[in-house]
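Subject: Structure handover

Hello,

Here is the structure we talked about. Please open it alongside this message; my notes follow below.

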Amino acid sequence: NAGVTQTPKFRVLKTGQSMTLLCAQDMNHEYMYWYRQDPGMGLRLIHYSVGEGTTAKGEVPDGYNVSRLKKQNFLLGLESAAPSQTSVYFCASRGHGTDTQYFGPGTRLTVL
Amino acid sequence: DAKTTQPPSMDCAEGRAANLPCNHSTISGNEYVYWYRQIHSQGPQYIIHGLKNNETNEMASLIITEDRKSSTLILPHATLRDTAVYYCIVYPPGSGNTGKLIFGQGTTLQVKP
(Lines give C-alpha, C1' and ligand atoms only; values in the text may rest on other atoms or scores of the structure.)
Protein backbone atom coordinates (compact mmCIF):
# COMPACT_ATOMS: atom_id res chain seq x y z
CA ASN A 1 0.00 0.00 0.00
CA ALA A 2 1.93 3.01 -1.31
CA GLY A 3 -0.69 5.61 -0.34
CA VAL A 4 -0.40 8.73 -2.49
CA THR A 5 2.44 8.96 -4.98
CA GLN A 6 3.47 11.79 -7.26
CA THR A 7 5.57 11.87 -10.38
CA PRO A 8 7.93 13.47 -11.09
CA LYS A 9 9.62 14.59 -7.86
CA PHE A 10 11.49 17.44 -9.51
CA ARG A 11 11.19 19.26 -12.81
CA VAL A 12 12.67 22.34 -14.44
CA LEU A 13 10.75 23.96 -17.30
CA LYS A 14 11.34 26.90 -19.54
CA THR A 15 8.65 29.55 -19.87
CA GLY A 16 6.01 28.44 -22.34
CA GLN A 17 6.67 24.72 -22.03
CA SER A 18 3.97 22.32 -21.01
CA MET A 19 3.95 19.39 -18.63
CA THR A 20 1.70 17.05 -16.70
CA LEU A 21 2.04 16.08 -13.06
CA LEU A 22 0.67 12.69 -12.11
CA CYS A 23 -0.91 11.81 -8.79
CA ALA A 24 -1.84 8.22 -8.02
CA GLN A 25 -3.52 6.72 -4.96
CA ASP A 26 -4.15 3.07 -4.12
CA MET A 27 -6.66 3.61 -1.31
CA ASN A 28 -9.75 3.64 -3.53
CA HIS A 29 -10.47 7.20 -2.44
CA GLU A 30 -13.26 9.18 -4.08
CA TYR A 31 -11.84 12.65 -3.59
CA MET A 32 -8.55 14.01 -4.86
CA TYR A 33 -6.93 17.44 -4.63
CA TRP A 34 -4.09 19.46 -6.08
CA TYR A 35 -2.45 22.14 -3.93
CA ARG A 36 0.49 24.43 -4.47
CA GLN A 37 2.79 25.77 -1.81
CA ASP A 38 4.97 28.80 -2.34
CA PRO A 39 7.97 29.52 -0.09
CA GLY A 40 6.97 30.46 3.45
CA MET A 41 3.28 30.05 2.74
CA GLY A 42 0.54 27.58 3.43
CA LEU A 43 -1.04 25.32 0.84
CA ARG A 44 -3.54 26.71 -1.65
CA LEU A 45 -6.07 24.56 -3.47
CA ILE A 46 -5.77 24.56 -7.27
CA HIS A 47 -8.36 22.02 -8.43
CA TYR A 48 -10.15 19.08 -6.92
CA SER A 49 -12.23 16.09 -7.92
CA VAL A 50 -15.13 14.46 -6.09
CA GLY A 51 -15.08 11.35 -8.24
CA GLU A 52 -13.97 9.75 -11.47
CA GLY A 53 -14.75 11.96 -14.44
CA THR A 54 -15.42 15.08 -12.36
CA THR A 55 -13.24 18.10 -11.61
CA ALA A 56 -13.79 21.52 -10.08
CA LYS A 57 -11.86 24.74 -9.53
CA GLY A 58 -10.24 25.56 -6.25
CA GLU A 59 -8.76 28.76 -4.91
CA VAL A 60 -6.06 29.36 -7.57
CA PRO A 61 -7.06 27.48 -10.77
CA ASP A 62 -5.76 29.89 -13.44
CA GLY A 63 -3.07 28.45 -15.68
CA TYR A 64 -3.83 24.84 -14.75
CA ASN A 65 -6.04 22.08 -16.09
CA VAL A 66 -6.87 18.72 -14.54
CA SER A 67 -8.33 15.39 -15.51
CA ARG A 68 -9.64 12.40 -13.56
CA LEU A 69 -10.17 9.71 -16.16
CA LYS A 70 -9.46 6.93 -13.68
CA LYS A 71 -10.45 6.89 -10.04
CA GLN A 72 -6.92 6.28 -8.86
CA ASN A 73 -5.26 9.02 -10.93
CA PHE A 74 -5.51 12.80 -10.89
CA LEU A 75 -3.48 14.70 -13.47
CA LEU A 76 -2.46 18.36 -13.25
CA GLY A 77 -1.47 20.04 -16.49
CA LEU A 78 0.36 23.24 -17.24
CA GLU A 79 -0.23 24.20 -20.88
CA SER A 80 2.17 27.15 -20.99
CA ALA A 81 4.32 27.36 -17.90
CA ALA A 82 5.12 30.74 -16.36
CA PRO A 83 7.72 31.67 -13.71
CA SER A 84 4.83 32.43 -11.32
CA GLN A 85 4.05 28.71 -11.35
CA THR A 86 7.35 27.88 -9.71
CA SER A 87 6.20 26.09 -6.59
CA VAL A 88 5.90 22.80 -4.78
CA TYR A 89 2.81 20.88 -5.81
CA PHE A 90 1.07 18.48 -3.47
CA CYS A 91 -1.62 16.00 -4.26
CA ALA A 92 -4.00 14.62 -1.65
CA SER A 93 -6.83 12.14 -1.49
CA ARG A 94 -9.74 11.52 0.85
CA GLY A 95 -12.08 8.62 1.30
CA HIS A 96 -15.85 8.84 1.41
CA GLY A 97 -17.19 9.33 4.92
CA THR A 98 -14.03 10.83 6.34
CA ASP A 99 -12.54 14.33 6.27
CA THR A 100 -8.94 13.27 6.67
CA GLN A 101 -6.75 13.96 3.66
CA TYR A 102 -3.64 11.97 2.82
CA PHE A 103 -0.88 13.82 1.02
CA GLY A 104 1.76 12.80 -1.46
CA PRO A 105 5.44 13.72 -1.14
CA GLY A 106 5.23 16.67 -3.53
CA THR A 107 6.64 17.76 -6.88
CA ARG A 108 9.12 20.63 -6.90
CA LEU A 109 8.66 22.62 -10.11
CA THR A 110 10.89 25.44 -11.29
CA VAL A 111 9.94 27.54 -14.32
CA LEU A 112 12.77 29.60 -15.75
CA ASP B 1 -15.38 31.25 6.65
CA ALA B 2 -14.14 30.40 10.08
CA LYS B 3 -10.48 31.27 10.46
CA THR B 4 -7.75 30.25 12.83
CA THR B 5 -4.97 32.18 14.52
CA GLN B 6 -1.75 30.53 15.57
CA PRO B 7 1.55 31.89 16.90
CA PRO B 8 4.10 31.93 14.08
CA SER B 9 6.76 30.03 16.01
CA MET B 10 7.46 28.16 19.23
CA ASP B 11 10.39 26.35 20.81
CA CYS B 12 10.29 23.23 22.91
CA ALA B 13 12.95 21.23 24.70
CA GLU B 14 13.36 17.63 23.63
CA GLY B 15 11.47 15.27 25.91
CA ARG B 16 9.16 17.97 27.19
CA ALA B 17 5.53 18.47 26.23
CA ALA B 18 4.85 20.83 23.34
CA ASN B 19 1.61 22.79 23.66
CA LEU B 20 0.51 24.48 20.46
CA PRO B 21 -2.42 26.90 20.78
CA CYS B 22 -4.99 27.84 18.17
CA ASN B 23 -7.77 30.41 18.27
CA HIS B 24 -10.91 29.85 16.22
CA SER B 25 -13.38 32.27 17.77
CA THR B 26 -15.80 32.22 14.80
CA ILE B 27 -16.09 28.46 14.59
CA SER B 28 -19.56 27.14 13.85
CA GLY B 29 -21.29 24.50 15.94
CA ASN B 30 -20.81 21.69 13.42
CA GLU B 31 -17.23 22.45 12.41
CA TYR B 32 -14.38 20.20 13.39
CA VAL B 33 -10.90 21.32 14.38
CA TYR B 34 -8.17 19.50 12.47
CA TRP B 35 -4.44 19.49 13.00
CA TYR B 36 -1.89 18.64 10.35
CA ARG B 37 1.85 19.06 10.36
CA GLN B 38 4.41 19.46 7.65
CA ILE B 39 7.95 18.35 8.18
CA HIS B 40 10.41 20.20 5.99
CA SER B 41 9.93 19.45 2.27
CA GLN B 42 7.39 16.72 2.91
CA GLY B 43 3.65 16.56 2.33
CA PRO B 44 1.35 17.50 5.22
CA GLN B 45 0.53 14.73 7.66
CA TYR B 46 -2.74 14.34 9.52
CA ILE B 47 -2.38 14.39 13.31
CA ILE B 48 -5.75 14.54 15.02
CA HIS B 49 -9.17 16.16 14.92
CA GLY B 50 -12.06 16.86 17.26
CA LEU B 51 -15.46 18.51 17.60
CA LYS B 52 -16.19 19.15 21.27
CA ASN B 53 -14.52 16.58 23.45
CA ASN B 54 -10.83 16.15 24.07
CA GLU B 55 -9.20 13.60 21.82
CA THR B 56 -6.07 11.49 22.08
CA ASN B 57 -4.29 9.20 19.67
CA GLU B 58 -0.85 7.71 19.35
CA MET B 59 0.59 10.98 18.09
CA ALA B 60 -0.98 13.71 20.20
CA SER B 61 -3.80 15.02 22.35
CA LEU B 62 -6.28 17.72 21.41
CA ILE B 63 -7.87 19.90 24.05
CA ILE B 64 -10.84 22.00 22.92
CA THR B 65 -12.24 24.65 25.26
CA GLU B 66 -15.85 24.38 26.33
CA ASP B 67 -16.88 27.38 24.23
CA ARG B 68 -14.92 25.86 21.31
CA LYS B 69 -13.24 29.16 20.57
CA SER B 70 -9.77 27.78 21.04
CA SER B 71 -7.86 24.53 21.18
CA THR B 72 -4.44 23.20 22.10
CA LEU B 73 -2.47 20.44 20.43
CA ILE B 74 -0.25 18.59 22.87
CA LEU B 75 2.74 16.50 21.87
CA PRO B 76 3.46 14.79 25.20
CA HIS B 77 7.15 14.03 24.73
CA ALA B 78 8.51 16.07 21.86
CA THR B 79 11.44 14.68 19.87
CA LEU B 80 13.68 16.31 17.30
CA ARG B 81 11.60 14.62 14.59
CA ASP B 82 8.59 16.64 15.72
CA THR B 83 10.20 19.81 14.39
CA ALA B 84 7.69 20.93 11.76
CA VAL B 85 5.06 23.48 10.82
CA TYR B 86 1.78 22.69 12.57
CA TYR B 87 -1.48 23.75 10.98
CA CYS B 88 -4.74 24.20 12.85
CA ILE B 89 -7.64 24.02 10.41
CA VAL B 90 -11.32 24.49 10.93
CA TYR B 91 -13.25 22.50 8.42
CA PRO B 92 -14.81 25.19 6.23
CA PRO B 93 -18.58 25.58 6.15
CA GLY B 94 -20.49 24.88 3.00
CA SER B 95 -17.81 22.65 1.54
CA GLY B 96 -20.15 19.68 1.46
CA ASN B 97 -18.36 16.77 -0.08
CA THR B 98 -15.50 18.80 -1.46
CA GLY B 99 -13.42 18.66 1.70
CA LYS B 100 -11.41 21.71 0.78
CA LEU B 101 -8.87 22.39 3.51
CA ILE B 102 -7.81 25.99 3.99
CA PHE B 103 -4.26 26.16 5.27
CA GLY B 104 -3.08 29.25 7.14
CA GLN B 105 0.48 30.12 8.10
CA GLY B 106 0.72 27.58 10.90
CA THR B 107 3.13 27.43 13.83
CA THR B 108 6.74 26.47 13.28
CA LEU B 109 7.71 24.26 16.19
CA GLN B 110 11.42 23.92 16.81
CA VAL B 111 12.35 21.09 19.16
CA LYS B 112 15.76 21.68 20.66
CA PRO B 113 18.15 19.17 22.24
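Where in chain B is Arg68(B) found? It sits in the loop between strand 6 (61–64) and strand 7 (70–75) of chain B. Bear in mind throughout that this is a predicted model.

Backbone first. Arg68(B) has a phi near 65 degrees, a positive value in a residue other than glycine. Its relative accessibility is 7%, so Arg68(B) counts as buried. Ser41(B) also has a positive phi, near 70 degrees, and is not a glycine either. Its place is the loop between strand 3 (33–38) and strand 4 (45–50) of chain B. Ser41(B) is partly exposed, because its relative accessibility is 41%.

Chain A has a cis peptide bond. It joins Thr7(A) and Pro8(A), with omega at about -5 degrees. Pro8(A) lies in the loop between strand 1 (4–7) and strand 2 of chain A.

Now the disulfides. In chain A, Cys23(A) is joined to Cys91(A), S to S 1.8 Å. The torsion about this S-S bond is about -75 degrees, so the disulfide of Cys23(A) and Cys91(A) is left-handed. Cys23(A) lies in strand 3 (residues 19–25) and Cys91(A) in strand 9 of chain A, so the pair ties together parts 68 residues apart in sequence. Cys23(A) is buried at 0% relative accessibility. Cys91(A) is buried too, with a relative accessible area of 0%.

In chain B, a disulfide joins Cys22(B) to Cys88(B), S to S 2.1 Å. This link is left-handed, with -80 degrees about the S-S bond. Cys22(B) is in strand 2 (residues 18–23) and Cys88(B) in strand 8 (residues 84–90) of chain B, so parts 66 residues apart in sequence are tied together. Both Cys22(B) and Cys88(B) are buried.

Cys12(B) counts as buried, at 10% relative accessibility.

Last, strand 11 (residues 107–111) of chain A. Strand 2 (residues 10–13) of chain A runs parallel to strand 11, with 4 bridges. There, Leu13(A) has Val111(A) as its bridge partner. Strand 9 (residues 87–94) of chain A pairs with strand 11 in the antiparallel sense, over 3 bridges. Here Val88(A) is partnered by Arg108(A). The covered face of strand 11 holds Thr107(A), Leu109(A) and Val111(A), and the uncovered one Arg108(A) and Thr110(A). In a regular strand, side chains alternate between the two faces of the sheet.

Best wishes

Terms used:
Residues are numbered from 1 along each chain as its sequence is written. Chains are lettered from A and ligands numbered from 1 in the order in which they are written. This is a predicted model: local features need pLDDT of at least 70, side-chain atom pairs count only at pLDDT 80 or more; totals for chains, interfaces and linings use all residues. Side-chain values use heavy atoms; hydrogens and water are left out. Buried means under 20% relative accessible area, exposed over 50%, partly exposed in between (1.4 Å probe, protein chains only). Helices (H or I, at least four residues) and strands (E, at least two) are DSSP runs, numbered from the N terminus. Two strands pair if DSSP finds at least two bridges between them. A disulfide is a pair of cysteine sulfur atoms within 2.5 Å.
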